[in-house]
Amino acid sequence: MDDMFQDFYAVENTNGFTAASILSGFWISEKKAFENLVTTKEQDAHEFFQFLAEELHERNGDGKPPEIGSEHSCNCIIHQTFYGKLQSTTTCQNCGGVTNAVQSFLDLSLGLDNLAQRRARKTGQKQPSLTLQECLDEEYVKSDKCEYRCHNCDSTQQARRNTSIKRLPNVLAIQLKRFEFKQGRHDRAPSKIDTTVNFPLQLNMLPYTNRAKGSDTKESFELARSCTYDLLSVVVHVGEIDTGHYVSYCRVADQWFKFNDHKVEMASKSDVLSAQPYLLFYIIRSLS
């Protein structure tokens with residue numbers, strides 16, 4: 001990874017840059033985990049992002065496999081950049097007892113299909129649009145009913161569970177779940193969800209943190225400033241699920257660029273905001 005950054009920043013030129021050594025290293029590696037990459041088939045951009053982050057962590061971190069789902073973290077560049085922490089809070093409806101569980105996350109995955117179907121039934125629209133904030137509300141503001149083994153009651157009780165963000169990362173990666181398997185007549189078939197999702201250039205993540213509740217107006221204003229993100233990159237899947245293609249939009253200072261394989265061209269903010277995202281990357285404002 002050091003070589004990649006040196007190659008990228010050491011020489012002033014206008015030629016395109018690819019992380020060729022990293023990609024070729026995957027192809028020639030004898031590690032079994034890389035076998036699925038040695039193919040001409042289309043790869044999922046989200047899976048590759050997770051795979052790349054995990055591999056870079058193992059090579060540059062503490063040598064331990066990244067433990068998504070635990071509170072473990074290290075000081076490698078991947079953890080310092082992308083990893084945050086989620087807090088799951090379960091409240092017993094009988095005694096009011098509260099249990100918290102904390103786990104790390106590399107990215108936030110947001111469902112679209114159920115929310116879009118409910119919106120369609122409510123509005124009568126066949127293809128209703130959603131906002132990124134509505135998708136975040138669904139996952140990190142609303143609570144769900146569940147059954148829970150309460151230690152205070154020493155029995156199974158009805159409970160409410162909600163998930164919030166305990167610690168935000170420097171770069172927030174968000175996946176919109178556009179691919180799913182639907183049950184067909186004979187078997188489950190993959191399909192793509194083309195729901196329009198509108199997303200902002202600036203994103204306030206305070207409402208989705210465990211610090212959002214119980215703060216006064218002045219404190220909320222200061223917290224909101226510390227939880228404000230600026231859009232950095234958008235990955236778009238174009239086409240059908242099995243014959244598609246990925247393009248990306250990336251911001252350098254105030255200028256946006258569109259990357260389509262080897263072709264790079266300037267893009268406007270309206271070009272970016274009219275794209276239908278699969279992956280979104282936001283950077284904390286203090287670093288943007």
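The residue R149 has T156 of β6 as its bridge partner. This is a predicted model, in which local features need pLDDT of at least 70 and side-chain atom pairs count only at pLDDT 80 or more, whereas totals for chains, interfaces and linings use all residues. Residues are numbered from 1 along each chain as its sequence is written, and side-chain values use heavy atoms, with hydrogens and water left out.

Strand β6 spans residues 155-167 and runs antiparallel to β5, to which seven bridges join it. Strands here are DSSP runs (E, at least two residues), numbered from the N terminus, and two of them pair if DSSP finds at least two bridges between them. Both strands belong to an open sheet of four strands in the order β2-β1-β6-β5, paired antiparallel. Its edge strands, β2 (98-105) and β5 (144-150), each pair on one side only.

Six salt bridges are found in a search of the whole structure. The term denotes a side-chain nitrogen of Lys or Arg within 4 Å of a carboxyl oxygen of Asp or Glu.

| Pair | N to O distance | Relative accessible area |
|---|---|---|
| K142 and E138 | 3.0 Å | K142 45%, E138 25% |
| R149 and D154 | 3.2 Å | R149 47%, D154 55% |
| D194 and K192 | 3.9 Å | D194 55%, K192 18% |

R149 is therefore partly exposed, while its salt-bridge partner D154 counts as exposed. K192 counts as buried, whereas D194 is exposed. E138 and K142 also belong to a network of salt bridges that includes R118.

Key:
Buried < 20%, exposed > 50% of the residue type's maximum accessible area, 1.4 Å probe, protein only.
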